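Please keep the sequence and the model at hand while reading.

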Amino acid sequence: FRRDRIGARLICMLNVMRLSRKFGVSGTYLWLREPQDSPYPELADPRDFLAADFVARHIRIIDQPPERGQRQNVNTVTSGSNVEGFAAMLAAGQLYECDSLTEIIGFMDEPAAHAAADIRDIARQVVLAPPLAEALAKARGIVARAGGGDPVAIHVRRGDILDSDPWSYSAWPSKYVPDEFYRGFIDEAEGPVIAFSDTPAAVTQLAQGNPRVIAVGDLFDSRSLSVAARDLLELLLMADCAQVGAPGY
């Protein structure tokens with residue numbers, strides 16, 4: 001369970017799917033809908049962007065935050081457990097809840113590379129709703145036709161640190177990367193560069209006519225998509241890239 005936007009929800013769900021498969025137990029992601037005064041109304045129904053049969057297998061939609069007091073936090077437990085020990089606790093009937101936000105949940109005796117490979121394999125099982133699957137295929141086709149090698153990404157963060165009042169002075173060192181750094185990253189890449197940004201004008205200025213730089217907004221019709229659907233497509237397109245040039249934060 002996560003009470004966040006789509007990225008954190010998907011990371012948590014993938015962890016639950018991985019642990020369920022690894023240990024042969026049932027696991028369900030609880031999708032908070034909040035029909036009244038939701039901070040994320042675009043996330044009311046995961047079937048808007050995930051296939052209905054996939055949702056039925058892995059997700060339960062709820063209207064209120066769940067009661068989790070009888071369950072141990074799996075993120076905390078696994079940091080000090082090995083695979084055999086955790087399997088024994090499951091066999092003894094211990095119940096767990098997962099609220100991972102960004103990390104891949106692993107075990108003391110499990111190589112991080114193995115856990116990451118598991119997550120990649122699990123992610124391939126996620127099935128998009130047909131309209132999003134079609135939009136993603138078209139976007140990938142545009143990138144492929146750009147040619148020149150595998151795509152890389154840049155995340156140009158501007159709006160939330162420059163356009164707000166007051167400006168976020170204290171956060172600049174971890175959120176801001178000058179244009180010159182991005183241009184150096186672009187010069188090192190041979191293939192297309194997908195530019196993700198909250199400020200499209202910043203990408204236009206950064207590219208300065210470089211045809212290899214493709215604004216992610218040019219890869220699909222964002223006007224026909226909800227905020228959550230657009231975010232999901234952007235996440236998947238960024239995940240296609242071998243490298244991402246971005247601020248450290």
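Does aspartate 231 count as buried or exposed? At 18% relative accessibility, aspartate 231 counts as buried, where buried means under 20% relative accessible area, exposed over 50% and partly exposed in between, computed with a 1.4 Å probe on protein chains only. Aspartate 231 belongs to helix H11, which spans residues 227–239; helices (H or I, at least four residues) and strands (E, at least two) are DSSP runs, numbered from the N terminus. When its neighbours within four places in sequence are left aside, aspartate 231 is in contact with Arg5 and Ile6, contact being defined as heavy atoms within 4.5 Å.

The model is a predicted one, in which local features need pLDDT of at least 70 and side-chain atom pairs count only at pLDDT 80 or more, while totals for chains, interfaces and linings use all residues. Residues are numbered from 1 along each chain as its sequence is written, and side-chain values use heavy atoms, with hydrogens and water left out.

**Cores and cysteines**

A nonpolar core is a set of buried Ala, Val, Leu, Ile, Met, Phe, Trp, Tyr and Cys residues joined through side-chain atoms within 4.5 Å. The largest such core has 48 residues, and those with the most contacts inside it are Phe49, Leu50, Phe86, Leu132, Leu219, Leu232 and Leu237. Helix H1 (residues 6–23) supplies the largest share of this core, namely nine residues. Apart from this core lies another one, of 15 residues, which includes Ile154, Ala189, Ala202 and Val213. Phenylalanine 86 touches Phe23, Val74, Val77, Thr78, Tyr96 and Phe107, if residues up to four places away in sequence are not counted.

The structure holds zero disulfides, a disulfide being a pair of cysteine sulfur atoms within 2.5 Å. Cysteine 12 is accordingly in no disulfide, and the nearest cysteine sulfur, that of cysteine 98, is 3.8 Å away. Cysteine 12 is buried, with a relative accessible area of 0%, and cysteine 241 is buried with a relative accessible area of 9%.

**Helix packing**

H1 and helix H5 (residues 112–123) pack at an angle of about 105°, with their axes 9 Å apart; axes are lines fitted to C-alpha atoms, for helices over the stretch in contact, and angles run from 0 to 180 degrees between N-to-C directions. H1 and H5 are therefore roughly perpendicular to each other, a term that covers angles of 65 to 115 degrees. On the H1 side, Leu14, Asn15, Met17, Arg18 and Arg21 meet Ala115, Asp118, Ile119, Asp121, Ile122 and Ala123 of H5.

In H10, the buried residues are Ala202, Val203, Leu206 and Ala207. These residues lie on the same side of H10, because they cover an arc of only 125° around the axis, the arc being that of the directions from the helix axis to the C-beta atoms. An α-helix has 3.6 residues a turn, so residues three or four places apart point the same way. On the other side of H10, Ala201 and Thr204 are exposed. The buried residues of H10 pack against strand S5 (152–156), helix H9 (179–188), strand S6 (193–197) and S7.

Most residues other than glycine have a negative phi.

Alanine 215 lies in strand S7 and, at 22% relative accessibility, counts as partly exposed. Not counting residues up to four places away in sequence, alanine 215 touches Ala195 and Val203.

Glycine 149 lies in the loop between helix H6 (130–146) and S5 and is partly exposed, with a relative accessible area of 46%. Under the sequence exclusion of up to four places, glycine 149 touches Gly191 and Pro192. The C-alpha atoms of glycine 149 and proline 192 are separated by 7.1 Å, although these residues are 43 residues apart along the chain.

Technical notes
Angles under 35 degrees count as roughly parallel, over 145 as roughly antiparallel, 65 to 115 as roughly perpendicular and the rest as oblique.
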